Each structure stands twice: as structure tokens, then as C-alpha cells.
Amino acid sequence: GFCYVIQMVTVDEAIIAKIDRSGKHFEILVDPELAYDLREGKSVSINKMLATNVVCTDSKKGLRASPKDVETAFGTLDVEKIGEYIVRHGEIQLTTEFRRKKTEERKRQIAALISRNAINPQTRYPHPPERILNAMEQARVVVDPVHPAEQQVEGVIKAIKEILPISVEQISLNIEVPAKYSARAYGVVKEYGIEKENWLSDGSLFVKVTIAAGLKENVYRRLGALTEGNVKIEEVKKER
């Protein structure tokens with residue numbers, strides 16, 4: 001069968017989101033802005049994001065995936081659920097122009113985060129975002145428009161240390177998560193870099209992470225939402 005496009009997003013504007021699962025390749029056409037927002041963790045209308053209501057094996061040729069393969073790979077034939085899964089976990093092919101625009105936005109987000117979290121150890125004042133952007137330019141820092149800014153801060157600081165005197169106030173967090181949420185929470189804390197981990201016999205998890213002080217709220221918010229508030233976080237300050 002063929003993949004027919006049915007919705008507001010025109011095929012020219014739509015981009016391909018793709019993933020390999022259960023040994024098969026799947027694609028779906030989506031709106032770039034909405035797909036990008038979904039990847040960012042924003043809530044979007046999945047219905048509006050989808051440019052087609054079918055899953056393909058090759059969108060360009062219009063080849064439709066067999067329902068059997070789709071069911072095996074995703075455990076459902078609900079196109080909205082599948083589309084959401086592919087965009088969140090697969091690869092989205094952003095156009096060069098869109099990528100460039102989002103990379104610029106991402107650079108500014110990272111510079112703003114660093115400005116909030118880091119100081120010039122000589123003056124004890126923060127570096128303004130513009131100065132950080134210039135240092136990023138000089139250090140030829142490559143920013144990924146798809147990965148969250150928080151996950152890229154560490155790497156960027158390392159890269160610009162050669163150019164700017166910079167020191168980051170860091171805090172260590174001791175985090176305890178009940179068994180019910182531990183597997184999902186582990187995926188989140190891993191993003192921040194785990195220093196120590198201990199799985200207790202009842203399945204609950206204890207981890208220690210060290211992060212830039214400014215990311216603290218981010219960690220509290222994400223783990224709080226994921227565990228419905230059932231998380232214990234204790235902090236220890238240090239500066240590096």
C-alpha cells in the first residue's frame with residue numbers, strides 16, 4: 001500500500017522521523033517545529049505533528065509498513081502513539097536551514113546557562129552570555145541542536161576553559177529513589193553523570209551525582225515529576 005499525506009503539514013515542509021526496531025526500519029512524516037518541540041520535552045498535539053496517518057518503510061517511495069511488522073515492533077497500531085515514540089526515540093532529519101536556526105538558539109541557551117552557573121575566578125563575577133558565545137566561537141565548539149542544553153554545558157565549559165578563566169560552583173546530590181521508580185529515574189540521573197550508585201536489596205536506588213549548581217532545579221523538577229514527589233535529595237556544595 002501507499003503512504004498518503006492527509007493533514008495540515010504539506011509534504012514539502014514535512015520531515016522524516018525514523019527508527020529501527022525488531023530488525024525493521026520505520027518512518028513517519030512529521031512537522032519539523034512540532035517534532036523538535038516534542039524532543040525538547042514540550043507538550044504538543046501529536047495529531048497536528050503528524051503529516052501522515054500511516055507508518056512507512058520508505059517515505060520517499062511511499063512504501064507502507066505492514067501492520068504485522070508495526071504491531072510487532074511497537075505493540076500497537078495507534079499511529080499517534082507510534083509517531084510520538086519514533087520522534088522521541090528515533091532520528092529526526094532536520095533541514096539544513098532549520099538545523100542552523102535551532103543550533104543558534106541552542107548556543108544561546110547554553111551560554112545563558114553557563115553565565116548563570118559559572119564565574120570568573122579572578123573577579124568573582126559571572127561572565128556575560130555574549131563573552132561566553134565569543135569564547136565558544138573561538139574554541140570552535142560544536143553544539144547539537146537536538147540534545148538538551150543542560151547535557152551540553154559540561155562539554156562546552158571544558159572547551160572554553162582554555163580561552164576564558166572560568167570556575168563553576170558545583171554541588172553533589174545524594175539521591176534516593178524508591179524501587180517503583182528506580183529504573184526510570186536511573187535513565188535520568190545517568191544523563192548528569194553518576195559518581196556512585198548502589199541498588200538496594202528492595203530494588204530502590206541510591207546515587208550520587210555532581211552537577212553545576214544551576215542545574216539543581218532541573219534535577220529536582222525532573223525527578224520530582226517522575227517519582228510523583230517520592231524522591232529524597234540531599235545536597236553537598238563544592239567548587240571546582
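Which residues are exposed on the other side of α3? Here are some notes on this predicted model, starting with that helix.

1. **The two sides of α3.** Lys68 and Thr72 are the answer: both are exposed on the other side of α3. The helix itself covers residues 67-74, and its buried residues are Val70, Ala73 and Phe74. Those three span an arc of only 75 degrees around the axis, so they sit on the same side of α3. A reminder that helps here: an α-helix has 3.6 residues a turn, so residues three or four places apart point the same way.

2. **What the buried side of α3 meets.** If you turn the model to look at the buried residues of α3, you will find them packing against β1 (15-21), β2 (24-30) and α4.

3. **How α1 meets α4.** Helix α4 (residues 79-89) also has helix α1 (residues 32-39) as a partner: their axes come within 9 Å and cross at roughly 70 degrees. Angles of 65 to 115 degrees count as roughly perpendicular, and α1 and α4 are therefore roughly perpendicular to each other. The crossing of α1 past α4 is right-handed. On the α1 side the contact is made by Ala35, Leu38 and Arg39, and on the α4 side by Glu84, Val87 and Arg88. By type, the residues of this contact divide into three nonpolar and three charged, with no polar ones.

4. **Two loop residues to look at.** Arginine 124 is not a glycine, yet its phi is positive, at about 65 degrees. You will find arginine 124 in the loop between β6 (118-119) and α6 (129-138). Glutamate 228, again not a glycine, has a positive phi of about 55 degrees. Its place is the loop between α9 (216-226) and β10 (232-239). Is glutamate 228 buried or exposed? Exposed means over 50% relative accessible area, and glutamate 228 has 58%, so it is exposed.

5. **The chain as a whole.** Stepping back, the secondary structure comes to nine helices and 10 strands. The C-alpha trace spans about 65 × 50 × 30 Å along its principal axes. Of the 240 residues in the chain, 43% are buried. Among contacts with a separation of 6 or more, 68% are between residues 24 or more positions apart.

Note on methods. Residues numbered from 1 in each chain as written. Predicted model: local features only at pLDDT ≥ 70, side-chain atom pairs only at ≥ 80, totals over all residues. Heavy atoms only, no water. Axes fitted to C-alpha atoms, helices over the stretch in contact; angles between N-to-C directions. Helix = DSSP H or I, 4+ residues; strand = E, 2+ residues; numbered from the N terminus. Parallel < 35°, antiparallel > 145°, perpendicular 65-115°, else oblique. Left-handed = near helix turned anticlockwise from the far one by under 90°. Contact = heavy atoms within 4.5 Å. Nonpolar A, V, L, I, M, F, W, Y, C, P; charged D, E, K, R; others polar. Buried < 20%, exposed > 50% of the residue type's maximum accessible area, 1.4 Å probe, protein only. Arc of directions from axis to C-beta.
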